[in-house]
Amino acid sequence: MRATEIATSDRNSLPALIRQAADALAGAQTAAEVLDARDKASLAYDAAKRASRMQRAKRAHDDIIAATHRAQADALEIEAAAKRRLADEYDGAQSRGEVAKGRPKSLPGGNSSATAGEIGISSKEVFEARQVRDAIVRDPGIVRAALDELIASGDEPTRTALKRAIAPVAKSIRADEQAEKKERRGVREIELAGKQAALPTKKYGVIYADPEWKFEPYSEETGMDRAPDNHYPTSDLLTLMQRDVGAIAAKDCVLFLWATAPMLVEAICLLDAWGFAWIDRDPTTGFLSPNKARCRYVSHWAWLKQKIAPGYWNRGKHEILLIATRGNPVAPAMGDQLASWQDDMAVEADATKHSKKPDVFAEWIEKHWPNTAKIELNARCGRPGWDVWGNESANEPDAPPAEPSRPRLPPAPTTQSIEYTVGGMRKTATASFGVSPLAGGIFATFGRYEVPGLEGGSFGPEGEFDSFQAALRAGLISLRLRLLEVQCNGDLSAKQRRALGFGCLWIEGQATEWGLDLREGAA
């Protein structure tokens, strides 16, 4: 059998499949067409690979096997070119906000940016496409040269062999990128260090801290690519422990301390160093034992994020906010505690700066300690009513406090009623309220609530309000009053009472977001 016999007039022959892939890529105008060309090249590669292995199994002539190898190489070259185009198209879509970076992020109005999977390509394929693209940009002939070398040596030109051939270039590119990140980080550290101020001498009853943890990777060569050090200066545990935070803590003080899951033990050590935990080693048993007489760890929150981070033992999707006290600070009132998990706050933080935490935690703190002196350590921006410390805080001495965002009302209904569901209650209870437009620019309010198996009710439409803002305020007040009345039902379980309490907190938070004052007599 001659080598030319592997090519026939059949449209599914190897030369025909390769021509189809090449023509598809040459004529591709959109990302979808590039994907189609890549898939055609992959189909041609798989067909050539099967033919090659079949000919070897039949002990075919070397010329026939070499011909199938050349077909494999041609298909791989077209596939590599398609991957380069695909990487450019994908990065362009990301820069335009059409494709999400990482996990999808909800946007105002209920829209969201697409993920890689939703547009028909996996994250692994995106990563490999970028590797091929970067290698080709550095050395335009690298793919063809690698394939020719494989064929000349008699080796089969497989995807794995091609990947291995361009691996040194990919590794060199990554090393250059890491060096560039380290250089940028060094410059930024010098800039930020100049802003670093000494801790104040004032005493605070609330300390909210987000330490600049330094995470030690297994490998400095590969593990620093996404390290926090690329974004801001970090400190080792000893440096953090030597920071005299205890000196600014009042006799009765509560500390809220952020920590990542791998740094939990270090965070407990930091509580001890700052005077918010007392850990002794029992002289009899030799074991560690907490002394809770004057200070202690009391609880924590887990902030569930949308974006999943890489990890050694598991993929991290949460951060921990430890709560510890010294002396006798006041605790939140029963029913006013915040749920220990907060997954609905992920969007805001994922869309902002690296390590930026959701505002909900600080807002909850200031709601329950409105008159207590508060300070935020390592603040990313100023907050009215707080002192801040850190090299990125916006209102350090002689700088004005950050201006709060202006409340915005939702759009007023014109012809149909609009209804809002109360959040935070999960499935333990449900509640909603709304506003109905009436003739002559007048609005009425209505609402409903239910505790499954026990109690439910509704109100409205009621009232005639000459503005949408007044109707919104009346609806929030009416619903909150009814939820508070339901809480007095002696048949409710503790879980149901908490759900109703969370509903009331949601109502108050929503009023704040819309700029509405729910106090009696307020406009």
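My entries follow, from overall figures to helix pairs.

**Ground rules.** I am working on a predicted model, where local features need pLDDT of at least 70, side-chain atom pairs count only at pLDDT 80 or more, and totals for chains, interfaces and linings use all residues. Residues are numbered from 1 along each chain as its sequence is written, and side-chain values use heavy atoms, leaving out hydrogens and water.

**Whole protein.** I looked up the secondary structure and found 12 helices and 12 strands. These are DSSP runs numbered from the N terminus: helices are H or I with at least four residues, strands E with at least two. Next came burial: 41% of the 523 residues count as buried. Buried means under 20% relative accessible area with a 1.4 Å probe, protein chains only. The protein exposes about 29,000 Å², of which carbon and sulfur atoms supply 52%. That area comes from the Shrake-Rupley method with a 1.4 Å probe. I then checked contacts (heavy atoms within 4.5 Å). Taking those between residues at least 6 apart in sequence, 63% join residues at least 24 apart.

**Helix 1 and helix 2.** I took residues 14-26 against residues 31-57. Their axes lie 8 Å apart, at an angle of about 160 degrees. Axes are lines fitted to C-alpha atoms over the stretch in contact, and angles run from 0 to 180 degrees between N-to-C directions. Helix 1 and helix 2 are therefore roughly antiparallel, a label for angles over 145 degrees. The crossing is left-handed, that is, the near helix is turned anticlockwise from the far one by less than a right angle. Helix 1 brings L14, L17, I18, Q20, A21, A24 and L25. Helix 2 answers with A37, K40, A41, L43, A44, A47, A48 and A51. By class I noted 13 nonpolar, one polar and one charged. Nonpolar covers Ala, Val, Leu, Ile, Met, Phe, Trp, Tyr, Cys and Pro; charged covers Asp, Glu, Lys and Arg; the others, Gly among them, are polar.

**Helix 10.** I asked how much of residues 359-368 is covered: seven of the 10 are buried. They are D359, V360, F361, A362, W364, I365 and H368.

**Helix 11 and helix 12.** Residues 468-487 pack on residues 494-514 at about 165 degrees, with axes 9 Å apart. This pair is therefore roughly antiparallel too. I logged its crossing as left-handed. Among the contact residues are L472, L476 and R480 of helix 11, and R497, G501 and W514 of helix 12. The contact divides into 11 nonpolar, three polar and three charged residues.

Conventions. Buried < 20%, exposed > 50% of the residue type's maximum accessible area, 1.4 Å probe, protein only. Parallel < 35°, antiparallel > 145°, perpendicular 65-115°, else oblique.
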